[in-house]
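Student: I am new to this structure and would like to learn how to read a few of its features. Could we begin with how contacts are judged?

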Amino acid sequence: MTEAIRLTDTDPRFVDEIKEAGGENILMCYQCGTCTSSCPVREIDERYDPLKIMRMAVLGMKKEVLSSDIIWLCSRCYACHEHCPQGVGITEVLHAITNIAEREGKEGNIKIKSLKPRLDGVFNDLIRKYGRLFEIKFFVHLVLLSKGATGLLSSAPDGFVMFRKGKLRLLPQKIKGMKQIGRIFKIVEANKK
Amino acid sequence: MKFAYYPGCYLHGSAVEYDMSTRAVCRKLGIELIELDDWNCCGAVEARDSLSIPLSARNLALAEKEGLDIVAPCSVCFHKLSKANKMVKEDEKFRKKINETIDGQYQGRVGVRHLLDIIVNDVGLERISKGVKAPLEGVNAVPYYGCLIVRPSEIAKFDDPEDPQSLDDLIKATGAECLPYSHKVSCCGGGLLANKEDFALEMAKKIIDGAKEGGSNCIVVTCPLCHTMLDFQQSNIESRYGITIDLPALYFTQLLGLALGLGVKELGLDKNMVAPMKLLESICIE
């Protein structure tokens, strides 16, 4: 059964928040649905509907949008972005929405079930530490987070084949310009607050 | 022809065969690659723009000091570096802010190019055809471009975002058959692999199914993330769906290298997870 959307429960400032977080053109959307028909994730799961996310966001349904698992399923292929007749920049709008979700999650206002922010965090931490990706450490964390210890065990044979083929470095490559990398992280994080 | 070579993290690790074949093919074609000294990660699909733009800008500043344009064989790096470049070039205030962040002085003088663009448009198909020592008759390839090498088109720029042709033309120049393929610019699902594996594998399977339906014996790729999905994850797709695929995925540099007469080892063809040995036998290479 469809429930009525009560505008008194919505947050009219949500659109401005999205604009500020990188989704400047969200209000250009005139709901034509080209994004949804272009989306390869939608092809697999009907719940993932960029058009619907746009509409809910414009209506100010902040809580519903941010607490939805769906917003983390964008594969960042830019098909919707390319096809959008209004230049909404849907990939960037969705990115802005997940940025806000992440911030609200950190502040304890919402609970994020998706692993995506944690996985990205692991990646960023490795760049912060070495300046380049230390793949083996990333893979191990990734598998542990998504599949647990048994998952790691069952990935071991693949890891061994990769090592034998010379595709896995056992030591990280730390760059010389770590002072610059540290500065970048420090400034970017200070700007987030 | 001289470029600052930005291999990116994967080409220094799990995509080492792309690095090897890139270097070998460029040597053969007279493209001089100077690896960008002390390059850092571009931020890939994981870092947000707020972080990946300054990270990428540091690399642009390094290339500017060398007075060279950047060549990136990885489509994700190509996208991230190009996006950062576009943003700092178009907005002086933003450039100032980014220079402050990276403690640098990037003036916006560097170009960022994908390796495929340089090979097809700078070296040119005529020179490549002349350099072909062993026409790859027997290879029925599909050209798989993926996403970020063509989209968003205002960033990627060098080919058509809906029906690109550069890889098609290159495959034809090697003497291989280039089959019509409706999944040229579909998404491989790589960006979802860690977060939503079942979706990612289904997306990759569609790309493989499309190739097999057309009677292809080889899928040609231009990005290490696509290669992960189509090569490394192929056994995972096979066991999940209870099917046999056995379709080699070659980097375009590996295919081109074979046609130019380069060796299997030199091109890292022994490092692909799906062994392309049957394919190589069909073109009489052991």
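Tutor: Contact means heavy atoms within 4.5 Å. This is a predicted model, in which local features need pLDDT of at least 70, side-chain atom pairs count only at pLDDT 80 or more, and totals for chains, interfaces and linings use all residues. Residues are numbered from 1 along each chain as its sequence is written, chains are lettered from A and ligands numbered from 1 in the order in which they are written, and side-chain values use heavy atoms, with hydrogens and water left out.

Student: Which residues does B:Glu197 touch, not counting residues up to four places away in sequence?

Tutor: B:Glu197 touches A:Lys147 of chain A, and also B:Leu192, B:Gln233, B:Asn236 and B:Arg240. With B:Asn236 there is a side-chain polar contact of 3.0 Å (a pair of N or O atoms within 3.5 Å; within protein, one must be able to donate a hydrogen and the other to accept it, and residues adjacent in sequence count only if both atoms are side-chain atoms).

Student: Is B:Glu197 buried or exposed?

Tutor: Buried means under 20% relative accessible area, exposed over 50%, and partly exposed in between, using a 1.4 Å probe and protein chains only. B:Glu197 has 17% relative accessibility and therefore counts as buried.

Student: What is the relative accessibility of B:Gln254, and what does its side chain reach?

Tutor: B:Gln254 stands at 0%, so this residue counts as buried, and its side chain reaches the backbone oxygen of B:Leu267 at 3.0 Å. Leaving aside neighbours within four places in sequence, B:Gln254 is in contact with several residues, among them B:Glu17, B:Ser21 and B:Asn272.
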